[in-house]
Amino acid sequence: MQFVFHSTPSIFIERGGSASLAKKILERGGKSVLIVTDPGVLSAGLLDKALSKFKELKLPFQIFSDVEADPPVSVINQAVKVAQDCKADFIVGFGGGSSMDVAKLVALLSPGTEILADIYGIGMAKGPRLPLILVPTTAGTGSEVTQSSVVTVSENEKKGVLSPHLLPDLAILDAELTLGLPAHVTAATGIDAMVHAIEAYTTKHLKNPMSDCVAKEALRLLSGNLHMAVNSGSDIVARENMLLGACLGGMAFTNAPVAGVHALAYPIGARFHVPHGLSNSLMLAPVIRFNIEVAHSMYAELGQIIKPGLKGSTIEQATGLAEYLGGLAGELGLPQHLVEVGITENDVDQLARDAMLQTRLLTNSPREITLSDAATLYREAL
């Protein structure tokens, strides 16, 4: 047996823990901080407690709040320039996956030794980077413990930067930051986190005992708390379990990479600006059904965690899991079909061609997905 397991060196979990951000930066020698976030986080006041401590401790900071979903290259370049202009020596990503992904690249690119165009792919980023802390405000991406950052490079394509240098020095998980999440965001990000764990457990490459362990625990926490978090958003225990589950899902897929669901979801986000979690949710059941003939035993194992009591052969249990997950989005108030987000039969062939560009992800699929298969899967999801 031989494998490597990467994760964030320190994870701090505490309700209200984001208020200690300034103190933790000072302890690590930070003197000028750039906080990378988005307008929604700023307007919701999620940074307020943390910022009051920055002022109290007289720690200079600047905020870059122009992050948008599926961040394009231009946003990353703008944030890097702000970091360089204010001579930041410490970067904080505070928000959802997009804010954390941008913060990772800002920390990496601000020293000026690398440029973004040269580091797409696996292991191309060499560092050094600025010290980095990530604070998630949604329970979905797990970006606080992943070595990847996804960039929208054109109207129809996303690219990833994958390197251990993108892992932060510290992640702060503060469930209080997620209490105000609307039900539809809670649902979409929760299913996104489940997809991470499901694909990590069934991936063709780099699956290992540690990734399997955290993937299964992620699914136990996520499936056991998702409905409560959506329907009773102020339940702090459910919120905390979702946040931890998403973090464990991130640990799983940064070591055992995601596959076909993500490959088919990316073009939906890039072309139609559908949020990433919802894009994953829309493609999840069709891809599971497609993979059943080669991965039914693994899906059956996960089915007993997500929907205990599934009966029959492993193929029947895997089929039951696909059926349950296919209805989960609608059960939680999300769109269940591509037509509900504006995608029609006329878009299928282009989406399939776009998906074929995601070779880094497609290679991890337990069953090979061809151009024809991709088109069939999109049609099934319509």
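Biologist: R367 first: what's its relative accessibility?
Modeller: R367 is at 26%, so it counts as partly exposed. Here buried means under 20% relative accessible area, exposed means over 50%, and partly exposed is in between, with a 1.4 Å probe and protein chains only. Keep in mind that this is a predicted model: local features need pLDDT of at least 70 and side-chain atom pairs count only at pLDDT 80 or more, while totals for chains, interfaces and linings use all residues. Also, residues are numbered from 1 along each chain as its sequence is written, and side-chain values use heavy atoms, leaving out hydrogens and water.

Biologist: OK. Which residue forms a salt bridge with R367?
Modeller: That's E293, with the closest N and O atoms 3.7 Å apart. The two come from distant parts of the chain, 74 residues apart: E293 sits in helix α10 (residues 276-306), and R367 is in the loop between α13 (359-362) and α14 (371-381). E293 itself is exposed, with a relative accessible area of 55%. A salt bridge here is a side-chain nitrogen of Lys or Arg within 4 Å of a carboxyl oxygen of Asp or Glu. Helices (H or I, at least four residues) and strands (E, at least two) are DSSP runs, numbered from the N terminus.

Biologist: How many salt bridges in the structure?
Modeller: There are 14. E345, D349 and R379 are even linked in a network of them.

Biologist: What's R15 up to, which residue does its side chain meet?
Modeller: E240, in a salt bridge at 3.0 Å, N to O. R15 is in the loop between β1 and α1 (21-27) and E240 is in helix α8 (residues 236-255), so the pair ties together parts 225 residues apart in sequence. R15 is partly exposed at 39%, and E240 is also partly exposed, at 21% relative accessibility.

Biologist: And K49, which residue is its salt-bridge partner?
Modeller: E176, with 3.7 Å between the closest N and O atoms. That one links distant parts too, 127 residues apart: E176 is in the loop between β9 (170-173) and α6 (183-202), and K49 is in helix α3 (residues 48-56). K49 is exposed, with a relative accessible area of 54%, whereas E176 is partly exposed at 33%.

Biologist: Back to that β1-α1 loop. Is G17 buried or exposed?
Modeller: Buried, with a relative accessible area of 1%. G17 belongs to the loop between β1 and α1. Setting aside neighbours within four places in sequence, G17 is in contact (heavy atoms within 4.5 Å) with F12, I172 and D174.

Biologist: Changing topic: how many disulfides?
Modeller: Zero, by the rule that a disulfide is a pair of cysteine sulfur atoms within 2.5 Å. C213, for instance, is in none: the nearest cysteine sulfur, that of C247, is 13 Å away. C86 is buried, at a relative accessible area of 19%.

Biologist: Where do F3 and M210 sit?
Modeller: F3 is in the segment before β1 (10-13), and M210 is in helix α7 (residues 209-231). F3 is partly exposed at 32% relative accessibility, and M210 is partly exposed at 40%. Apart from neighbours within four places in sequence, M210 is in contact with F3 and F5.

Biologist: Last one, the overall picture. How many helices and strands?
Modeller: The chain has 14 helices and nine strands. The radius of gyration is 20 Å, close to the 21 Å from the globule rule for 382 residues, so the chain is as compact as a globular protein of that length. That radius is taken over C-alpha atoms, and the rule is 2.2 Å times the number of residues to the power 0.38. The C-alpha atoms fill a box of roughly 60 × 45 × 40 Å along the principal axes.

Biologist: What share of the residues is buried?
Modeller: 57% of the 382. The chain exposes about 14700 Å², and carbon and sulfur atoms supply 55% of that.

Definitions and conventions
Accessible areas come from the Shrake-Rupley method with a 1.4 Å probe; for residues, only the protein chains shown count as cover.
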